[in-house]
Amino acid sequence: LGNYKWNCLFADENNNLAFASSNFSITIGGILTTLISPSNNNYTNINQTNFSCQSVSEQTSSLKNVTFYLWNSTSQIYNENKSISGIDNTTNFNYTFSYNGNYKWNCLSFNNNSNSSFADQNFSIIFDITKPNITLLNPIEAYSIIGTTTISFEFNVTDNSNISSCGLILNNALLAANS
């Protein structure tokens, strides 16, 4: 956003250089919206989440309002509008998730010159509070051995998300971990 002067520099095959005889001016006006947090493709298991958008308006027009939009794969599930002012404003919105899922979000900013803009792209957030499902396979329940031997601990684990690590707990102490 702002006022700019522009020109072009030309070169021929003999490396002779020239600018146009005068600069032109250009004014980029309007409004810019940027999504601040949470970052794109964020995973969370915290149901109350803070969303943050930045609105920047041209110098000659004050900001008027910003609307936060949140939707899932089928429909818009929430929106909230807040009045704002100045030419640069960061606005926070809070939403409490109730259901696991993949969500998209964006903000729409307006200035008092009727300019508006969404952020360049929608951000996604995945809310997941489902715990992994673990099945212990070996050694079997109540396994008993006398003497020294090597024991292989085996398990299966499934989850809706990628598994990031597994830890072997023996007598309430972490014995080994896999990433």
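**Entry 1: a starting residue.** I began with asparagine 133, which I found in strand β14. Asparagine 133 has a relative accessible area of 48%, so I noted it as partly exposed; the exposed class needs over 50%. A reminder to myself that the model is predicted, so every value here is computed from it.

**Entry 2: cysteines.** Next I asked which cysteines form a disulfide. The pair is cysteine 53 and cysteine 107, with 1.7 Å between their sulfur atoms. Cysteine 53 belongs to strand β7 (residues 48-57) and cysteine 107 to strand β11 (residues 101-111), so the pair links distant parts of the chain, 54 residues apart. The count for the structure comes to one disulfide. In general terms, such a link is a covalent bond between two cysteine sulfur atoms.

Cysteine 53 and cysteine 107 are both buried. Two other cysteines went into my notes as well: cysteine 8 counts as partly exposed because its relative accessibility is 33%, and cysteine 166 counts as partly exposed because its value is 22%. The buried class stops under 20%.

Entry 3: Proline 38 sits in the loop between β5 (31-37) and β6 (42-44). Another cis peptide bond joins asparagine 138 and proline 139, again with omega about 0 degrees. I placed proline 139 in the loop between β14 (133-138) and β15 (154-158).

Then I turned to phi. Asparagine 15 is not a glycine, yet its phi is positive, at about 65 degrees. I traced asparagine 15 to the loop between β2 (9-11) and β3 (17-19), and it counts as exposed because its relative accessibility is 60%. Asparagine 41, not a glycine either, has a positive phi of about 60 degrees. Asparagine 41 is in the loop between β5 and β6, where I had already placed proline 38. I flagged these spots because most residues other than glycine have a negative phi and most peptide bonds are trans.

**Entry 4: a sheet.** What is the strand order in the open sheet of three strands? I read it as β5-β7-β10, with antiparallel pairing. Strands β5 and β10 (88-96) are the edges, each pairing on one side only. On average, neighbouring strands of this sheet are turned by 25 degrees against each other, direction ignored.

I followed one pairing further. Strands β7 and β10 run antiparallel and are joined by nine bridges. For a landmark when browsing, I noted that valine 56 stands opposite aspartate 88 in β10.

**Entry 5: rings.** I searched the whole structure for aromatic pairs and got 13. The one I wrote out is phenylalanine 97 with tyrosine 103: their ring centres are 4.8 Å apart and their planes stand at 50 degrees, so the pair is tilted. Phenylalanine 97 counts as buried because its relative accessibility is 3%, and tyrosine 103 counts as buried because its value is 6%.

Ring pairs also link residues into a cluster, so I listed its members: Phe51, Phe68, Tyr78, Phe93, Tyr95, Phe97, Tyr103, Trp105, Phe123 and Phe127. One cluster member, Phe93, has a further neighbour: lysine 82 lies over the face of phenylalanine 93, at 4.9 Å from the ring centre.

**Entry 6: the core.** Which residues have the most contacts inside the largest nonpolar core? They are Phe51, Leu70, Phe97, Trp105 and Cys107, and the core has 19 residues. Strands β5, β7, β8 (63-71), β10, β11 and β13 (123-127) each give two or more residues to this core. The largest share, four residues, comes from β8.

Some names came back here from earlier pages. Cys107 is a disulfide partner, and Phe51, Phe97 and Trp105 are among the members of the ring cluster.

Technical notes
Residues are numbered from 1 along each chain as its sequence is written. This is a predicted model: local features need pLDDT of at least 70, side-chain atom pairs count only at pLDDT 80 or more; totals for chains, interfaces and linings use all residues. Side-chain values use heavy atoms; hydrogens and water are left out. A disulfide is a pair of cysteine sulfur atoms within 2.5 Å. Buried means under 20% relative accessible area, exposed over 50%, partly exposed in between (1.4 Å probe, protein chains only). Two strands pair if DSSP finds at least two bridges between them. Axes are lines fitted to C-alpha atoms, for helices over the stretch in contact, and angles run from 0 to 180 degrees between N-to-C directions. Rings of Phe, Tyr and Trp (its six-membered ring) pair if their centres lie within 6.5 Å; planes under 30 degrees apart count as stacked, over 60 as edge-to-face and the rest as tilted. A charge sits over a ring if NZ of Lys or CZ of Arg is within 6 Å of the ring centre and within 35 degrees of the ring normal. A nonpolar core is a set of buried Ala, Val, Leu, Ile, Met, Phe, Trp, Tyr and Cys residues joined through side-chain atoms within 4.5 Å.
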